[in-house]
Amino acid sequence: MASQYDVIVIGSGPGGYVAAIRASQLGLKTAVVERESVGGICLNWGCIPTKALLKSAQVFEYIKHSKDYGIEISGEAKPDFTAVIKRSRGVADSMSKGVNFLMRKNKIDVLAGNGKVKPGKKVEVTDKDGKATTYEAKHIIIATGGRARELPAVPIDGEKVIEYRKAMSLATQPKTMLVIGSGAIGVEFAYVYASMGTKVTIVEFLPNVVPVEDEEISKELAKQYKKIGIDIFTKSEVTKVDTSGTGCKVFVKTPDGEKTFDVDVVLSAAGVVANIENVGLEEVGIKLDRGKVVTDDYYRTNVEGYYAIGDVTKGQALAHVASAEAIICVEKIAGQPHVEPLNYNNIPGCTYCQPEIASVGFTEKAAREAGYDILVGKFPFSASGKAKAAGAPEGFVKVIFDKKYGEWLGAHFIGTNVTEMIAEVVAARRLETTGHEILTTVHPHPTMSEAIKDATEVAYGEAIHL
């Protein structure tokens, strides 16, 4: 007789472990299947350890510019690359242990091995020794996450051509690196390595770096990156990487013709693909579309009793999206009243390079294309007392409102710690707050966040500090 559960979750990343905990809280007997480390890619190889690397890079930047703050440091400061990597892994390990504790606290069974869905609401788990065990559940949630996309012309060998996991565990710091792709992963690693002394080149196929962001944000980041010595080639494509020598010879097609670069390492950061292979989806008959699992607004697949959340579905491949989807999915399963679908146009996006980027809602271009008559306000941090005092005058806050009704259509920030500011806009948009209400909302002074109100004043022609 197979073990019986109310809910089995395959994958323990920020979608999977949140789904499991919420299910247990709602009185459902729950198990989670994990083939590697509890916490998934986010806690072990993604969100958390990369932030530890970024913090080390930021601290080193502070030390290099200590004179700007009136502090003299004798001797030459230099990063200990091995220690930086070790610290990052330590942070990740501690967070994974924390999730393991939450599993025990919530009486969730952790089934170690590869999970595969089977017909009849069953999950087969194969452990590291090849032993397969079958479990049954009334509800099965697929939360297997994603992995780095591998470009056909740039095969990843894990030594000279690497992806993000290897980038945060290299034994030695490369002197030169070429990064393919300028999404969040690409620009974050570019900053980490450039700050510690690696000569970094970014190659982006689209016209702007961080291409999903507002164009003004993209241009500002490119300007700041060029200041710290990062070379950027947009509208460009890596056509071939020759790894036969001691390093890599990279062939890049640019608007000015083909260029070649000799670098130690190539980091392929060209996006993420869903982990949908070898999960049993075809055997069960679960519908796919363009490499994603098809679900309704409550993450039910076309096969009753099977659900999917996180990177394997159509939403943004972000940890907080997966967690939000998990709660909605499980609360619907448990019959909770008034479960609302997720508004994907009110999802904050954060990039943790320096300067940081945070955004939500429409870009200016998208708002105009959608037919809105808009008000746009922009406030530079160079006019912010707190930013100047912190030695961080780079960047700005940009807000976009509908002219007729005052609806807050979007916000786009670039600057120090702006990822800590964006939640104000998300909450305000959720509550249908208008620009007029932001004008009368008192913001603390001096703070970086008061730039949101300042930018709103600019949009409405009531600027005080510009």
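1. A salt bridge is taken here as a side-chain nitrogen of Lys or Arg within 4 Å of a carboxyl oxygen of Asp or Glu. The model is a predicted one, and the structure holds 21 salt bridges by this criterion. One of them joins the side chains of Lys-64 and Glu-61, with an N to O distance of 2.9 Å. Because Lys-64 and Glu-61 are 3 residues apart in helix α3, about one helical turn separates them. Lys-64 counts as partly exposed, at 42% relative accessibility, whereas Glu-61 is buried, with a relative accessible area of 17%.

2. Helix α3, which covers residues 47-64, also contains Ile-63. With 32% relative accessibility, Ile-63 counts as partly exposed. Ile-63 belongs to a nonpolar surface patch together with Val-59, Tyr-62, Tyr-69, Ile-71 and Ile-73, and the accessible area of these residues together is about 500 Å².

3. Which residues are linked with Lys-398 in a network of salt bridges? The network consists of Asp-214, Glu-216, Glu-364, Arg-368, Lys-378 and Lys-398. Within it, Glu-216 forms a salt bridge with Lys-398, and the closest N and O atoms are 2.6 Å apart. Glu-216 lies in helix α7 (residues 215-227) and Lys-398 in strand β23 (residues 396-402), so this pair ties together parts that are 182 residues apart in sequence. Lys-398 forms a salt bridge with Glu-364 as well, where the closest N and O atoms are 2.7 Å apart. As Glu-364 is in helix α10 (residues 364-369) and Lys-398 in strand β23, that pair ties together parts that are 34 residues apart in sequence. Lys-398 is buried, with a relative accessible area of 1%, while Glu-216 is partly exposed, with a relative accessible area of 28%.

4. Strand β2, residues 30-34, is mostly covered, and 5 of its 5 residues are buried. Both of its faces are covered, with Thr-30, Val-32 and Glu-34 on one side and Ala-31 and Val-33 on the other. Strand β1 (residues 3-10) runs parallel to β2 and is joined to it by 4 bridges, and Val-9 has Val-32 as its bridge partner in β2. Strand β3 (residues 109-112) likewise runs parallel to β2, also through 4 bridges, with Val-110 as the bridge partner of Val-32 in β3. Together with helix α1 (residues 16-25), strands β1 and β2 make a right-handed β-α-β unit.

5. Strand β9, residues 176-180, is mostly covered too, with 4 of its 5 residues buried. It pairs in the parallel sense with strand β10 (residues 199-203) over 5 bridges, and Thr-201 in β10 is the bridge partner of Leu-178. With helix α6 (residues 184-195) between them in the listing, β9 and β10 make a right-handed β-α-β unit. Strand β9 also runs parallel to strand β15 (residues 265-268), to which 4 bridges join it, and Ile-180 stands opposite Ser-268 in β15.

Conventions. Residues numbered from 1 in each chain as written. Predicted model: local features only at pLDDT ≥ 70, side-chain atom pairs only at ≥ 80, totals over all residues. Heavy atoms only, no water. Patch = residues over 30% accessible without salt bridge, like charges linked within 9 Å, V, L, I, M, F, W, Y side chains within 5 Å. Areas by Shrake-Rupley, 256 points an atom, 1.4 Å probe, with all protein chains shown as cover. Helix = DSSP H or I, 4+ residues; strand = E, 2+ residues; numbered from the N terminus. Buried < 20%, exposed > 50% of the residue type's maximum accessible area, 1.4 Å probe, protein only. Pairing = 2+ DSSP bridges. Right-handed = clockwise from strand over helix to strand, strands pointing away.
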